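Dear colleague,

I am passing on the structure we spoke about, together with some notes on what turned up in it. Please look it over before you read on.

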Amino acid sequence: MRPTQALNGGVPNPKVGHWIGDWGSFGGAKQKGIVHYGLSANRQNAMAGAAHDAVFNTFRRTKAQIFYWLPAMVAGYYVMNWATERNEYLNSKAGRAEFADSEE
């Protein structure tokens, strides 16, 4: 019994320690075996294992997604490489001589 209940003359309070049920099923049987633990916010280490988890979580997520973005990155690289080489050729002396009369 709680000290506050003792102050009430030993009369138990039905609201303390009773689970009244989920929405739609109020008044169910008292639940047993439910234990709640608490820890003060200033006793917690918020960054515990953050660096370790960041490395392995990043590896796991990259491994799961690599086939979605890697082909697009490779294709984009080859397209940009081709476009850069083509632009350099068209702006060179040989490219200007070849395409000088086809300007629109």
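**Overall make-up**

The protein contains 3 helices and 0 strands, so that its elements, read from the N terminus, run α-α-α. Please bear in mind that this is a predicted model. Of the 104 residues in the protein, buried ones make up 3%, and the protein exposes about 10000 Å², of which carbon and sulfur atoms supply 60%.

**Helix H2**

Helix H2 covers residues 50-90 and has 41 residues, yet its end C-alpha atoms are only 52 Å apart, whereas a straight helix would reach 60 Å at 1.5 Å a residue. The same helix has a kink of about 65°, which is centred on isoleucine 66.

**Surface patch and aromatic pair**

A nonpolar patch on the surface is formed by Tyr68, Trp69, Leu70, Met73, Val74, Tyr77 and Tyr78, which together have about 820 Å² of accessible area. One of these residues, methionine 73, lies in H2, and it counts as exposed because its relative accessible area is 54%, the cut-off being over 50%.

A search of the whole structure for aromatic pairs finds 1. The pair consists of tyrosine 77 and tyrosine 78, whose ring centres are 5.6 Å apart and whose planes stand at 70°, so it is classed as edge-to-face, a label that applies to angles over 60 degrees. Both tyrosine 77 and tyrosine 78 are exposed, and both belong to the nonpolar patch described above.

Technical notes: Residues numbered from 1 in each chain as written. Predicted model: local features only at pLDDT ≥ 70, side-chain atom pairs only at ≥ 80, totals over all residues. Heavy atoms only, no water. Patch = residues over 30% accessible without salt bridge, like charges linked within 9 Å, V, L, I, M, F, W, Y side chains within 5 Å. Areas by Shrake-Rupley, 256 points an atom, 1.4 Å probe, with all protein chains shown as cover. Salt bridge = Lys/Arg side-chain N within 4 Å of Asp/Glu carboxyl O. Helix = DSSP H or I, 4+ residues; strand = E, 2+ residues; numbered from the N terminus. Buried < 20%, exposed > 50% of the residue type's maximum accessible area, 1.4 Å probe, protein only. Phe/Tyr/Trp six-rings, centres within 6.5 Å; stacked < 30°, edge-to-face > 60°. Expected span 1.5 Å × (residues − 1). Bend = angle between axes of the 7 residues up to and from the residue.
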